[in-house]
Amino acid sequence: MYFNTYRQIEAALKACTGEETVDLGEGGEHADFATPIAFSLAKKQRKAPAAIAAGLAEDLRERLAGTGITVEAAGPYVNFQVSGDYVRDAVAAALEPGFGRLPERGERVILEHTSANPNGPLHVGHIRNSIIGDTLARAFRKAGYPLEVHYYVNDMGRQIAIVSWGFSHNPLPAEEGEKSDHHIARVYVAANRAIEADETITAEVDRLMQQIEAGDPETRKNFREVVSHCLDGFKVTMKNLNVAHDRFVWESDFVRNGDMERVIAKIERLPQAKHDGTLSIDLTECGFEKDYVIRRSDGTSVYAARDLAYHTWKSRNFDRAIDVLGADHKLIGSQLQCTMRLLGERAPEIVIFEFVSLPEGSMSTRAGKFVSADELIAEVTNKAFAEVSERRPELPEEEREGIARAVALAAVRYDIVKISPEKSTVFDWNEALDFERQSGPYVQYSHARACSILEKAGAFERAFTFTDPHEIALAKQIARFPAVIDRVVRELRPHLLAAYARELADQFNTFYRYVPVLKSEGETLQSRLTLVAAAQNTLKEALETLGIDAIRTM
């Protein structure tokens, strides 16, 4: 309903203004839709915006006659109000399974996220990447796109050479019950301390890097084993965060299959290529002062060479490529985009995010100072169990544990994704677990409340008579869900979905507070239960798109 109404108004606006594009948005408290187009037309027509808006409103009333849409000028703005049919149709649509899913699209999308170096466990700083990426993936699938989600495995870098050296020269056995990625971290930290104590080890690490690029079978085997060991731990962590990848793509594969050398050969022919011991690219035309190094003076390639090969493959196999990168990768991401354009390939879209931290401060895997995602999940789960046990002591322990796991996941995922990616954030334990406001558990609780109302009501016949302002406001909020999904994938801003879910929960709870449901009778009761069912289904779909369990009791 939202899209149909929007397009009707948009077409009428274009017809009466002659403009190819028109500024049309939601009207806030004053209208369902509104346009400030009179401001831009004022420059062309040399008339006051308010006078233009009044003329437009008169014209639009005629063009939209019979649609149920009312038009009014409010100073320089033109406001649009929808009809009762819109409200009824919106509620009916929201009762259908999978509500919010958009029509299938043919544009193939590849999304890469997380891709953390496999030299220790995922820590709190990493998982914002995972949660932003996974939420975007769910939104793209909801929006009807064929999507493939990748984890790009760095199995050739210096960190992996250090880990491999550590396992060969100073192996530390895994402790009982220790996850494999935590084991890798201990070996990596110990190896770095050994290097700090003996600088000659650096030459041994450099030799390993030369051997892996040359395709030495033994070195390749050792690197693959330690990386796989770490990835096994990553996969457990990501499963606990409800994060999934379709494919793990190995950096070294682009060396072995010749793709990297083909890209390097193409770079060497670029007019911007510089050969002065190293191979680099002059990117001053893109605003970069420093050259973009592709190959070192010893003949070994850098990470950028393999990354360019990978993105060339993406460009040729997908219509849209999206990378989720931390703020510390902003420069190299921009250099990658510029180089891809010089090569005549499609550059990826990049979502840059600032880091999430804890009050404890910053983290470093190399120094062995970090709070792992596993520790965070365990701590939040313990706190959630205490909260659930206090609220629902009558439930069996096993059921309270299940609810606590779902609540903990909601707390972590929602608290991290609710902030716009470009803003840094500190994870606050108490705020994240607040059942009353601004949290994932709060949205879950609203869904559980709707489920409880419907369970108490039992069977009912659907009805669509809505007259109370709170009923209408809730129905209109429900109607926005498909448009929010569309905007998330267009703008690559998953926090918009988190904001919508909270606003919907707010609107539902306001409705519940002021409008009697179970104490109503007749068609009023049936209509309000129908509206509760529509809200419950929409909350469920929004939560699941956020990667959060829509539990039915809390």
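This tour of a predicted model stops at a disulfide, a helix pair and a cavity.

**Disulfide**

Start by selecting Cys286 and Cys338, which are joined by a disulfide with an S to S distance of 1.9 Å. The count of disulfides in the model is one. Next, colour the elements on either side. Cys286 sits in the loop between strand E9 (278–281) and strand E10 (292–295), while Cys338 belongs to helix H13 (residues 330–342), so the bond ties together parts that are 52 residues apart in sequence.

**Helix pair**

Now select residues 397–417, helix H15, and residues 440–457, helix H17. Their axes are 7 Å apart and meet at an angle of about 130°. H15 and H17 are therefore oblique to each other.

To see the contact, show side chains on both helices. From H15, display Ala406, Val407, Ala410, Ala411 and Tyr414; they meet Gly440, Pro441, Val443 and Gln444 of H17. Sorted by class, the residues in this contact of H15 with H17 are seven nonpolar and two polar, with no charged residue.

**Cavity**

Rolling a probe the size of a water molecule over the atoms shows where empty space is left. The count of cavities of 30 Å³ or more is one. The volume of the largest cavity is about 30 Å³.

Select its lining: Met156, Ile212, Gly215, Arg220, Ser252, Val255 and Arg256. Which classes does the lining of the largest cavity have? Three of its residues are nonpolar, two are polar and two are charged.

Key. Residues numbered from 1 in each chain as written. Predicted model: local features only at pLDDT ≥ 70, side-chain atom pairs only at ≥ 80, totals over all residues. Heavy atoms only, no water. 1 Å grid on protein atoms, 1.4 Å probe; cavity = no way out; pocket = protein on both sides within 12 Å on 5 of 7 lines; lining within 4 Å. Points joined across faces, edges and corners; volume = space filled by probe spheres on them. Nonpolar A, V, L, I, M, F, W, Y, C, P; charged D, E, K, R; others polar. Axes fitted to C-alpha atoms, helices over the stretch in contact; angles between N-to-C directions. Helix = DSSP H or I, 4+ residues; strand = E, 2+ residues; numbered from the N terminus. Parallel < 35°, antiparallel > 145°, perpendicular 65-115°, else oblique. Contact = heavy atoms within 4.5 Å. Disulfide = S-S within 2.5 Å.
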